[in-house]
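Hi,

Here is the structure I promised to pass on.

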Amino acid sequence: MTENISTGHLPHFCSWPIQYAQANLITVPEGQILRQSHSHSLVHIDLFEYVLTKEITINFAQTNMSIFMFAMFEGHSALYDQQDNFISEVKNASCHFGYHDEGNYHVKLPPGVHKYLLLTLRPEWFLYETKNLHQFKALITNYMAKKECAFALPYCRLTKRVNQTLKKMLLQKKVSPDSLYATIKRVLTELMVQYHNMLGEHNYTTAALHKIKAMDIKNFIQENFKSKLANSIPELARHFAVSETTFKQLAKLAFGKPYREHLITLRMEYSLHELTTTNKTIREITCLAGYSDPYYFSYAFKKYYQKSPHHLRSIL
């Protein structure tokens with residue numbers, strides 16, 4: 001059930017009443033949702049507050065490609081595409097800029113209290129305003145190339161300063177159309193500069209730091225899986241300035257499987273390619289694949305492919 005309500009009759013759990021917004025109270029089996037929204041020539045503002053007793057899935061359609069700023073004040077949410085492929089997760093006290101292509105998506109929220117703000121920006125204006133803000137380059141490049149259905153810059157901490165800036169825009173008490181337009185435009189520009197500076201200072205959330213470090217590990221191993229260094233988790237941990245336990249966790253985040261398992265896959269796929277496309281000896285391939293003992297290499301290869309290197313060579 002959806003009920004249109006006035007700002008004077010907002011529910012008790014509303015913490016940020018927006019005087020100039022349209023408010024809807026939605027009652028569902030999972031709980032209640034308050035949506036406050038306002039359309040401006042530069043941005044569409046949506047502030048959502050959820051009080052849930054059970055997990056909920058919210059389906060929505062993106063009718064065109066959009067650039068947005070997302071701020072998660074409380075709780076957390078996970079975004080998926082229409083095939084239920086995971087896209088991203090946003091946790092408490094974080095914010096970021098990104099884009100979504102047109103299509104169908106859904107958001108999952110667990111039981112509890114959740115509060116987040118979505119600012120959908122006019123793309124032409126955003127691209128003009130950020131042309132000299134180099135930390136937005138990756139977002140702009142991906143948006144223009146349109147290769148991915150969704151892209152997000154790193155999640156940064158939702159600082160007290162960003163909160164205060166948002167309050168300037170959302171919690172105005174006396175609002176005329178002209179002053180509202182000017183305030184929203186000024187605040188959006190401030191937010192872009194603040195976020196740009198946070199990226200430059202690496203003021204990321206812990207999850208974003210882990211994601212960045214995991215990507216560094218993924219790229220390094222992809223280039224160095226044949227090296228001796230790749231054999232030693234203690235040395236790799238020192239190389240990335242983390243503990244061995246943290247390295248294993250980050251590697252699993254990067255590869256979706258334990259590090260040793262992924263390393264074996266890379267080496268076996270490389271070995272198979274060399275065996276089937278070159279005339280190199282098995283001893284040569286052993287060394288090139290990162291192994292020191294041809295007998296152990298043959299054992300590992302047979303365990304992985306159910307055929308020994310010699311047998312595979314003999315039937316080619």
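Leaving aside neighbours within four places in sequence, His196 is in contact with Leu133, His134, Gln135 and Phe136 (contact means heavy atoms within 4.5 Å). His196 is found in helix H4; helices (H or I, at least four residues) and strands (E, at least two) are DSSP runs, numbered from the N terminus. Is His196 buried or exposed? His196 counts as buried because its relative accessibility is 10%, where buried means under 20% relative accessible area, exposed over 50% and partly exposed in between (1.4 Å probe, protein chains only).

Before going on, two notes on how to read all this. This is a predicted model, so to speak of local features we need pLDDT of at least 70, side-chain atom pairs count only at pLDDT 80 or more, and totals for chains, interfaces and linings use all residues. Residues are numbered from 1 along each chain as its sequence is written, and side-chain values use heavy atoms, with hydrogens and water left out.

Now the core. A nonpolar core here is a set of buried Ala, Val, Leu, Ile, Met, Phe, Trp, Tyr and Cys residues joined through side-chain atoms within 4.5 Å. The largest one has 59 residues, and those with the most contacts inside it are Phe97, Leu119, Leu166, Met169 and Leu188. Helix H4 (residues 177-200) gives the most to this core, with 9 residues. Apart from it lies another core, of 29 residues, with Ile221, Leu236, Met268 and Tyr291 among them.

Not counting residues up to four places away in sequence, Phe97 touches Phe68, Met69, Leu121, Phe126, Phe136, Leu139, Ala152, Leu153, Leu191, Met192 and Tyr195.

Phe97 also turns up in the lining of a cavity, along with Met69, Leu119, Leu121, Leu188, Leu191 and Met192. How many cavities of 30 Å³ or more are there in the whole structure? The search finds 1, and the largest cavity has a volume of about 30 Å³. For the terms: on a 1 Å grid over the protein atoms alone, a cavity is a set of points where a 1.4 Å probe fits but cannot get out, a pocket is an open set with protein on both sides within 12 Å along at least five of seven lines, and lining residues have an atom within 4 Å of a point. Grid points are joined across faces, edges and corners, and a volume is the space filled by probe spheres set on the points.

Strand E11 (112-121) and H4 each supply at least two residues of the lining of the largest cavity, and the largest share, 3 residues, comes from H4. By class, that lining has 7 nonpolar, no polar and no charged residues (Ala, Val, Leu, Ile, Met, Phe, Trp, Tyr, Cys and Pro count as nonpolar, Asp, Glu, Lys and Arg as charged, and the others, Gly among them, as polar).

Of the 14 residues that line it, the closest to its centre are Ile264, Arg267, Tyr291, Tyr296 and Ala300. H8 and helix H10 (294-305) are the elements that give two or more residues to this lining, with the largest share, 5 residues, coming from H10. The lining of the second largest pocket divides into 7 nonpolar, 3 polar and 4 charged residues.

Tyr304 lies in helix H10 too, and counts as partly exposed at 32% relative accessibility. Not counting residues up to four places away in sequence, Tyr304 touches Ile264, Thr265 and Met268.

In helix H5, the buried residues are Ala208, Ala214, Ile217, Phe220 and Ile221. They pack against helix H6 (233-239), helix H7 (244-255) and helix H8 (259-277).

Last, two loop residues for your backbone check. His202 is found in the loop between H4 and H5, with phi near 55 degrees, a positive value in a residue other than glycine. His202 is exposed, at a relative accessible area of 53%. Gln306, in the loop between H10 and helix H11 (309-314), has phi near 65 degrees, again a positive value in a residue other than glycine. Gln306 counts as exposed at 61% relative accessibility. Most residues other than glycine have a negative phi.

Cheers
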